[in-house]
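Thanks for coming. I will take one model today, starting with a term and then going from the whole chain to single contacts.

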Amino acid sequence: MHRSVFGAVVVAAALAASPSSAQSPFIVDPDRGVLSLAPVVGPISPGVVQIFVEGADDARMAQRPTELPVPPDARVGPQGGPFERRQRGSGSGVVIDADAGLVLTNHHVVEQGASLRVGLIDGRSLDAEVIGSDEATDLALLRIEADGLTVVEIGDSDQLQVGDLVIAIGYPFRLEQTVTLGIVSGLGRTLQRQFTDFIQTDAAINPGNSGGALVDSRGRLIGINTAIYSRSGGNVGIGYAVPMALANVVVDQLLAFGEVRRGRLGVEPQELSPELAEALELPSTDGALIAEVEPGSAGEQAGLEAGDVLIRAGGLRVDGVTDLMNAVGLTRPDRPLKLSVMRSGALVELEAQLEAPAATDGVVFAGARFVTLPDDHPLRGRLDGVGVDLVRPGTATGRTGLRRGDVVTHLDAHAVSGLDDVRDVLQRVGDAAVLTVVRGNAEFELTVDVPR
C-alpha cells in the first residue's frame, strides 16, 4: 500500500473510533492530520517535577535508578570528616496533593540527600522536606510550599492489563522534562523484593526518571517509575514502576507516622505446588499454604491453622506468598486484616489483628532521631554518646550533613551519654544547637537551626 494511502487509512480509522471519546488514547490534530498524545500530556506535565539532591556521602546517586550498575565515578570513599566532597544528583517526582504540597518520589532519590529542592516546569525552585520514606517499597513523600500546583490524577492500577498503553514522564540525565510512550509489558513483577508488585513497561526509563510518573492513556497516574533492568546503564526496554494501589497505602502511613509500620501475622507460608494443590483437592495453585502457625501469634488468635490455604487478604486476591506478604506488610497494626481461607474444601472467613512492631526508643529532634548506641556499632564501648539512626533530608539536621550512623557525644557543650541527657538538654535549647559528632576517626561540630 502506498505510504500516503496507509496514512490516510490510519487517520480515518482514528476518526471512526470517535476522536472525542475518552476511550480513544489518540487524538487527531485536524490541522496537521497526525495522531498525538499532546492533549493528554500537556495538562498533566506541570504535575511532574524535578528533584535536585545534594548529599555528603558515598551512597547511591539519586540520578541512578535502583537497578543500574554503579558508574565508576558515582562513589566516593568516606572522608571521615565534615568536609567531604559533596555529590549532586537528580530525580523526578509527582504532585499528588496541591493544597498540602505533597510530592511522591522514590526513597532512593532522597535517602542520602543533605538538602532537597524541587524544580517546577514553570521555572520555580523550592525547598523540599521529607515527610517520610520507606526503603522496602522505595517510596518517599515530600512537602513543598507553593501556589498554583498541578495535581496528576491518580488512576486504578489494579485495572491494568498487559498491552495497555502507558506514558512515562520525568527528567532523565538532568534534561528538561521528557515524555516516552510504551505499553505494559508485564504485571506482578517482584524482582525478589518484599512488598513490591511492579508494573513492567517498555516505555523508555533512564537515569533521572526515578520517582517520575507512569500514566495511562487518559493521563491518570498508575505508577511511580523506580527501576530499570540494564547491564550497560542505559534503557533496554524493561522498566519497573511501583503501582499506585500499593503507593496509596504507603502514602497513608507516611502521612500518619512518617514511616511504614508493618504488622506481623506470625505464620509460615509456602507456595502451592501442583502436587500439593492436587492433594488438597484445590482447583488451582493460586493461594498461599499455611505451613506453620506460631503459638500466641496474631494468626493463631485469628483462628488460622496449618494446612489452611489463604486465597484473599485485605480484600485482595492472594495468588501466592508474595501477595500475602504484601497484604500483611502494608496493613497497619492498628487495623484488622480480613482473611479468606480454604479449609477442608470449605471457605472460612477470619479476621486478624496484626502484631505491632516493637517501638523504637528514641528522641526526635529537627528531623533526626537519636537512639541508644546499638551493641553492634563500631564505636560502642569506645566513647559515651547516642547514635543517629534517622536523618530526614530537607530538615534542619539534614541540611547540616548529619548522617545515620553518626555518634553525638555533646549537645550545646553538654555531654550526652544517653537519651535522658538528650531530653534534658533539648528542653533548654535556643534558636540553634551545636552537636559534637564522631564519625569514624573524626570529630567535628555541626550547628543546627532549631525550627520553631
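I will call a residue buried under 20% relative accessible area, exposed over 50%, and partly exposed in between, with a 1.4 Å probe and protein chains only. This is a predicted model, in which local features need pLDDT of at least 70 and side-chain atom pairs count only at pLDDT 80 or more, while totals for chains, interfaces and linings use all residues. Residues are numbered from 1 along each chain as its sequence is written, and side-chain values use heavy atoms, with hydrogens and water left out.

The whole chain, then. The chain has 452 residues, and buried ones make up 49% of them. Its secondary structure comes to nine helices and 28 strands; helices (H or I, at least four residues) and strands (E, at least two) are DSSP runs numbered from the N terminus. A contact here means heavy atoms within 4.5 Å. Of the contacts with a separation of 6 or more, 60% are between residues 24 or more positions apart.

Next, the interior. A nonpolar core is a set of buried Ala, Val, Leu, Ile, Met, Phe, Trp, Tyr and Cys residues joined through side-chain atoms within 4.5 Å. Which residues have the most contacts inside the largest core? They are Leu104, Leu141 and Leu221, in a core of 32 residues. Helix α4 (residues 244–257) gives the most to this core, namely six residues. A second, separate core has 25 residues, including Leu419 and Val450. Going back to Leu141, its contacts beyond four places in sequence include Ile96, Leu104, Ile131, Val251 and Leu255.

Now some strands. Two strands pair if DSSP finds at least two bridges between them. Strands β16 (residues 267–271) and β17 (residues 288–293) are antiparallel, with five bridges, and Glu268 stands opposite Glu292 in β17. β17 also runs antiparallel to β18, joined to it by two bridges; there Ala288 stands opposite Leu310.

The loop between α6 (298–302) and β18 (309–313) holds Asp308. Is Asp308 buried or exposed? Asp308 counts as buried, because its relative accessible area is 1%. Its side chain reaches the backbone nitrogen of Glu305 at 2.8 Å. Among the residues Asp308 touches, beyond four places in sequence, are Ala288, Ile290, Val341 and Arg343.

That last residue brings us to salt bridges, in which a side-chain nitrogen of Lys or Arg lies within 4 Å of a carboxyl oxygen of Asp or Glu. The count by this rule is 15. Asp308 and Arg343 form one of them, with the closest N and O atoms 2.8 Å apart. The pair links distant parts of the chain, 35 residues apart, with Arg343 in strand β20 (residues 336–343).

Lys338 pairs with Glu351 at 2.9 Å, N to O. This pair too links distant parts of the chain: Lys338 is in strand β20 and Glu351 in strand β21 (residues 346–353), 13 residues apart. Lys338 is exposed at 55%, and Glu351 is partly exposed at 44%.

Finally, Arg423 and Asp420 form a salt bridge at 3.0 Å. They are about one helical turn apart, because they sit three residues apart in helix α9 (residues 419–426). Arg423 is partly exposed, with a relative accessible area of 35%, whereas Asp420 is exposed at 57%. Elsewhere, salt bridges with shared partners join Glu259, Arg261, Arg369 and Asp389 into one network.

How values were computed: Polar contact = N/O pair within 3.5 Å; in protein donor to acceptor, adjacent residues only side chain to side chain.
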